[in-house]
Amino acid sequence: MKVSIQNTVEILEQVHQLESTPGLKNEACRSKFLIHPYFTSKVFLFLHGFTAGPYQFEPLGQAFFNKGHNVLIPLQPGHGRSGNWSRKNPPPLPTDIQIYQQFLLKWLQIAKTLGQQVVIGGLSTGGTLAAWLALEHPQEIDSTLSLFCHSPR
C-alpha cells in the first residue's frame, strides 16, 4: 500500500497534536518535521540522544531542508516529559528495546513516503538506534550517520 504525502502530513499533524497536550518539558522537546510539499530525492530521519530531544538535530535538519530534502526528527518514546526528575525519581523512560525498535520501524515507513532515499542519523543512543535500523533493514536505508559520545568520569 502506497501512502501519499498528504496522508503522511496528516500523520505528522497528529503527532504534533499529541505532543501539544500538557506534559512536555518545553517546546524544544517537540518533534520537528521539515517537509516540502513534494517527494524529495532524500529524506533524513534523525534520532536524538537519551534524555535529550529533537532540538539536538534542528540546525542540521534545517540545513538539509534548505538543500531541498525532507527531514523528520521525532521525539523518542517517553522523552521530553516535564517533571521533578532526580536520581530517586527518574523520568519514565522505556527500558524495553522493543518499544524503541517498533518506534524506529514506524518512522522508517513514514520516511519512505517522503523521499526516494532514506538517510538515518543519530546521536548517542540515537546513534545506536540508527545503526540497529541500518543493520536490520539495509535495503531500506541509503546512508547512516551515527555519532556516539563518551563523557569522562
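This is a predicted model: local features need pLDDT of at least 70, side-chain atom pairs count only at pLDDT 80 or more; totals for chains, interfaces and linings use all residues.
**Entry 1: strand β3**

Which residues of strand β3 (residues 70-73) are buried on one side, and which on the other? I found Asn70 and Leu72 on one side and Val71 and Ile73 on the other, so both faces are covered, with buried meaning under 20% relative accessible area, exposed over 50% and partly exposed in between (1.4 Å probe, protein chains only). Strands here are DSSP runs of E with at least two residues, helices are runs of H or I with at least four, and both are numbered from the N terminus.

Residues are numbered from 1 along each chain as its sequence is written, and side-chain values use heavy atoms, with hydrogens and water left out.

**Entry 2: the sheet**

I looked up the strand order next. Five strands make an open, mixed sheet, ordered β1-β3-β2-β4-β5; two strands count as paired if DSSP finds at least two bridges between them. β1 (32-34) and β5 (143-147) are the edges, each with a single partner strand, so one side of each lacks a neighbour in the sheet. From one strand to the next, the twist averages 15°.

Then I went through the pairings:

- β1 and β3 are antiparallel, with three bridges; Phe33 sits opposite Leu72 in β3.
- β2 and β3 are parallel, also with three bridges; Leu45 is opposite Leu72 in β3.
- β2 (residues 40-47) and β4 (residues 115-123) run parallel and are joined by seven bridges; Leu47 has Gly122 of β4 as its bridge partner.

**Entry 3: Gly53**

I checked the loop between β2 and α2 (58-66), which holds Gly53. Is Gly53 buried or exposed? Gly53 has 0% relative accessibility, so I logged it as buried.

**Entry 4: α3 on α4**

At what angle do α3 (residues 97-112) and α4 (residues 125-136) pack? The angle is about 65° and the axes are 11 Å apart; axes are lines fitted to C-alpha atoms, for helices over the stretch in contact, and angles run from 0 to 180 degrees between N-to-C directions. The two helices are therefore roughly perpendicular (65 to 115 degrees; under 35 is roughly parallel, over 145 roughly antiparallel, the rest oblique).

For contact (heavy atoms within 4.5 Å), α3 supplies Ile97, Tyr100, Gln101, Leu104, Leu105 and Leu108, and α4 supplies Leu129, Trp132 and Leu133.
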